[in-house]
Amino acid sequence: MRLITLVNKNMRLKSSFIIGLLLALVVNGYSQAKKTKALKYTVTYDDPYDIKKLFIHFQPIVGDIGALNIVGGFGLEANYYHKDKLDFEFSGRTSYGAQADIARDAANRNAFNENVISAYFYGDAGGTYHILDRTKESESKILLYSKRLKGTEWAATVPKNAVIKNTVREIVGGRGGAFFYTTSTGLSKILEKQQLDLFYNDGTPIESDDLYTNVAAYGFYVGGSMSWFKNFAVTFESRWEPNGDDLLITTYLDMLYAPEVTIDDLLIGGETVSLENVTHNSFGFRAGLKGKFNRKLGWGYGVESGVRPGVAKDGFFFAFKLSFPIYGTKLEQTVEAINTETGE
């Protein structure tokens, strides 16, 4: 009986050993097969410093949602990169018209006062000094695409991705510049928030909820930014088309200061009603994100939010913009010349 037990135990050990060996062979074979199916690629270009020097943005879609006003409009922007030390930015935007300028449209239709209502405009100009400009190793997820997949065939295909090693350029910058804006706004809500009453010159209170005025401010900003630039291309040893990544992305945080904030006095029945008691706010901040692609013709985006200097308790805003197209150029006028006699 003891002999039979030993035999059974040995059989179980042999069976366990054989099963373990088979599993090891299967796993090893799968790993080898996976390695042979690994996507092979060649990095044909990888230089995040070789970017366009001038970008001109046409912005058909701009939105500015704030406590003072809500605006839909369009804009224009330009970026210039001077060597590897400085970059400059100029931008301006306005509304599509009165109907896309909510406070202005409401004032044109309902205003109790007789002020000329201003159209929305926002502009700024500034530059960034590259305090730290360096490169490091990175990875990017690249979409795999084949021209063989067309139309509905491509639409019905689950896209594949490949992780590609590349170089990323990191820029820590110090920002500074100036800004200006003007907008119309509903005054009645401002008076309610600030617990103010208005009176005619004879002391009679003004009783109307349809009061509108204009707010304008100019000022300066200082802040910091962090940018990540990628600019590489790869080819694949398979059916997949060449691809790459050329995204230039920047985040920033600015402190805003406006030494001059103007709120227009009201005109009612030919009489001027002072708004000097309306409280101003000279300080604010904003945080934002913007991106574009290093192409001759591309697109970009930007979002920012914060508190603008202007009317106290009504400075909050959220703005977004879509740039399309963006025209980029290196501003190079030098053409390669070859001597036909020497070949140099």
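Me: Leaving aside its neighbours within four places in sequence, which residues is Leu 187 in contact with?

Reply: This is a predicted model, in which local features need pLDDT of at least 70 and side-chain atom pairs count only at pLDDT 80 or more, while totals for chains, interfaces and linings use all residues. Numbering runs from 1 along each chain as its sequence is written, and side-chain values use heavy atoms, without hydrogens and water. With contact taken as heavy atoms within 4.5 Å, the partners of Leu 187 are Leu 198, Leu 211, Tyr 212, Thr 213, Leu 266 and Leu 275.

Me: Which residues have the most contacts inside the largest nonpolar core?

Reply: A nonpolar core is a set of buried Ala, Val, Leu, Ile, Met, Phe, Trp, Tyr and Cys residues joined through side-chain atoms within 4.5 Å. Buried means under 20% relative accessible area, exposed over 50%, and partly exposed in between (1.4 Å probe, protein chains only). The largest such core has 25 residues, and those with the most contacts inside it are Leu 187, Leu 198, Leu 211 and Leu 266.

Me: Which elements give two or more residues to the largest core, and which gives the largest share?

Reply: Helices (H or I, at least four residues) and strands (E, at least two) are DSSP runs, numbered from the N terminus. Two or more residues of this core come from each of β6, α4, β7 (212-230), β10 (247-263) and β11 (266-268). The largest share is 4 residues, and the element supplying them is β10.

Me: Which elements are among those that cover the buried residues of α2?

Reply: Helix α2 spans residues 102-110, and its buried residues are Ala 103, Asp 105, Ala 106 and Ala 107. Their cover includes β6 and β7.

Me: How many salt bridges does the structure hold?

Reply: A salt bridge is a side-chain nitrogen of Lys or Arg within 4 Å of a carboxyl oxygen of Asp or Glu. One of them joins Arg 169 and Asp 133 at 2.8 Å, N to O. This pair links strand β6 (residues 160-186) to strand β5 (residues 121-144), with the two residues 36 apart. The total number of salt bridges is 16.

Me: In the salt bridge of Lys 193 and Asp 314, how far apart are the closest N and O atoms?

Reply: Lys 193 is partly exposed at 41% relative accessibility, whereas Asp 314 is buried at 4%. The closest N and O atoms of the two residues are separated by 2.9 Å.

Me: Which residues form the salt-bridge network that holds Arg 286 and Glu 304?

Reply: The side chains of Glu 304 and Arg 286 meet at 3.9 Å, N to O. Glu 304 lies in strand β15 (residues 297-307) and Arg 286 in strand β14 (residues 283-293), so the pair ties together parts 18 residues apart in sequence. Glu 304 is buried at 10%, as is Arg 286 at 2%. The linked residues are Asp 124, Arg 175, Asp 254, Arg 286 and Glu 304.

Me: How much space lies in the second largest cavity, and which strand gives the most to its lining?

Reply: On a 1 Å grid over the protein atoms alone, a cavity is a set of points where a 1.4 Å probe fits but cannot get out, and lining residues have an atom within 4 Å of a point. Points are joined across faces, edges and corners, and a volume is the space filled by probe spheres set on them. The second largest cavity holds about 180 Å³; of its 19 lining residues, those closest to the centre are Glu 89, Asp 124, Tyr 252, Glu 304 and Lys 321. With 4 residues, the strand that gives the most to this lining is β5.

Definitions and conventions. 1 Å grid on protein atoms, 1.4 Å probe; cavity = no way out; pocket = protein on both sides within 12 Å on 5 of 7 lines; lining within 4 Å.
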